[in-house]
Amino acid sequence: MNLWQAFKMAFKSIAMKKTRSFLTMLGIIIGVASVVIMVSVMQGQAKKNMEYFEKMGDNKIEVSAYSYYDVDNETGQKLFDYCLSLSDLVLGITPDVEINDKGTIQYGSKTLPVNDWDAIWAAATPTGGGGMMISGDPYQTMLRFVLGSESYGVCNNYKLAGGREFTYLEVEKTIPVCVLGSGAKEQLFGFTDPVGETVSINGDPFQVVGWYESMGIEYNKRLDNIVVLPYTFNRSMNNNNSIQRYVVKAKDGPSTIEASTKLEAFLLGMFPLNADGWCETGSFSVGSDNSYAENAQKANLMQSLVMGAIAGISLLVGGIGIMNIMLVTVTERTREIGIRKAIGAERSSIITQFLIESAVICSLGGLLGIGIGYVGTMIAGKLMTDVFDGMILMPEPAIALGAFLFSVVLGIIFGMYPAIKASGLQPVVALRAD
């Protein structure tokens, strides 16, 4: 018997018992569909996370440094001076301070509240555990004042849409200038170019020298609703609270690693640890977005493997169902097997026949499972709008191909025992079967 005949007999056998064949395939269908959907959803989530990190900017180093005895931000000045000495590794450094006090910003007849937490709490909903959940448009559209250096945009991955950043001298001399995020610009000026215009911030005039493009992160529009001021306004607008958070922008990945190591060593020299492992003069921490992205990738990979393994269990169960049905098929076709062996059929021919039949059943189940998996993945993407934010979720061809090949291999593996059992029947015994 050649392979073409074996395939014809396999399809004929499946067609003769459609219901039983479909029920046999059901385990494979569910298993393949589960693998495709679960792994695709996890990969889609990983892709969305990576998009977020890319938009936030690679090679950012977040530094927290606080001295218990700081006077006139000496810690920050030392940190700035040290980063200047790392010019071969570092593109810039900026404080990253958000003013939490309520304020206003005015242009013409339009006055907008800044840090309007009263409106936020009014829109918040109880969580059921005594807390409140802050979400929705008021939280996303609330304007915020942030303090930074002339490198604020570079360090935080903002791109200028118009105008310029404020300069080093403007920061040093506390010149009243500001740069608007795209959301703040839209709320104040609409489609008008704000560069050169004067806005009133808490009653004081500030000149708008530039504005940023949108970060394009739909579920975190707060990043666009900022008004950036020189950090030297910390004394007058932030009650001269100590500046503790800084963002350092490195040139590339290797520079990020080297700069992080050097910054950690430098800060350890400023805040030495005692014998008990803690510092008596202050505290510090150094972390990079690159390491956060790598950790997120590792976590997503682990989740994908776990979810794929869970879905793979249903494939194994389906394979056991295939073996069970093939054993029943061998019993039903014992007389046929006896006749074939009596007229000279070899064991290899009978093994091939049953293996092909088992593989065909699993292949058809795998193809149906892939189709259901594609539909299920798109439905999951639509239902999980908060996670995927309009991204069209589609399985990668490699996932579908891998699930299909695995189902075929399962058919061959679990069809092996029934095929060997069928080929081992003695012709005389087989011909006596009813």
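The lining of the largest cavity draws at least two residues from each of four helices, namely α1 (3-16), α2 (18-56), α11 (289-332) and α13, where helices (H or I, at least four residues) and strands (E, at least two) are DSSP runs numbered from the N terminus. This is a predicted model, in which local features need pLDDT of at least 70 and side-chain atom pairs count only at pLDDT 80 or more, while totals for chains, interfaces and linings use all residues. Residues are numbered from 1 along each chain as its sequence is written, and side-chain values use heavy atoms, with hydrogens and water left out.

## Cavity and pocket

The residues that line the largest cavity are S13, I14, K17, R20, S21, T24, I325, T329, E357 and I361, and α2 gives the most to this lining. A cavity is here a set of points, on a 1 Å grid over the protein atoms alone, where a 1.4 Å probe fits but cannot get out, whereas a pocket is an open set with protein on both sides within 12 Å along at least five of seven lines, and lining residues have an atom within 4 Å of a point. The structure holds one cavity of 30 Å³ or more.

The second largest pocket is lined by 16 residues, of which F80, L84, I93, E150 and Y168 are the closest to its centre. Two or more lining residues come from each of α3 (74-85), β2 (90-95) and α7 (168-172), and α3 supplies the largest share of the lining. The table sets out the values for the two spaces; a volume is the space filled by probe spheres set on the grid points, which are joined across faces, edges and corners. For the residue classes, Ala, Val, Leu, Ile, Met, Phe, Trp, Tyr, Cys and Pro count as nonpolar, Asp, Glu, Lys and Arg as charged, and the others, Gly among them, as polar.

| Space | Volume | Lining by class | Largest contributor |
|---|---|---|---|
| Largest cavity | about 80 Å³ | three nonpolar, four polar, three charged residues | α2, three residues |
| Second largest pocket | about 270 Å³ | nine nonpolar, four polar, three charged residues | α3, five residues |

## Helix α13

F354 lies in helix α13 (residues 347-383). With a relative accessibility of 1%, F354 counts as buried, a term that means under 20% relative accessible area, with exposed meaning over 50% and partly exposed in between (1.4 Å probe, protein chains only). The C-alpha atom of F354 is separated by 8.5 Å from that of V330, a residue 24 positions away along the chain.

A nonpolar core is a set of buried Ala, Val, Leu, Ile, Met, Phe, Trp, Tyr and Cys residues joined through side-chain atoms within 4.5 Å. The largest such core has 56 residues, and I105, I201, V227 and L229 are those that touch the most other members. Strand β12 (residues 204-212) gives the most to this core, with five residues. When neighbours within four places in sequence are left aside, I201 is in contact (heavy atoms within 4.5 Å) with T104, I105, F145, F206, V227, L229 and M237.

Helix α8 (residues 182-189) is largely enclosed by the rest of the structure, because six of its eight residues are buried. These buried residues are S182, G183, A184, K185, L188 and F189, and what covers them includes β4 (103-107), β5 (110-114), β10 (177-180), β11 (198-201), β12 and β13 (226-230). Just after α8, G190 takes a positive phi of about 60°.

In the loop between β12 and β13 stands R222, which counts as buried at 12% relative accessibility. Beyond its neighbours within four places in sequence, R222 is in contact with E98, Y139, Q140, M142 and R144.

## Cysteines and the whole chain

A search of the whole structure finds zero disulfides, a disulfide being a pair of cysteine sulfur atoms within 2.5 Å. For C83, the nearest cysteine sulfur belongs to C155 and is 8.8 Å away. C83 is buried, with a relative accessible area of 4%, and C178 is buried at 0%.

The protein chain has 16 helices and 15 strands, and 44% of its 434 residues are buried. Of the contacts in the chain with a separation of 6 or more, 78% are accounted for by residues 24 or more positions apart.
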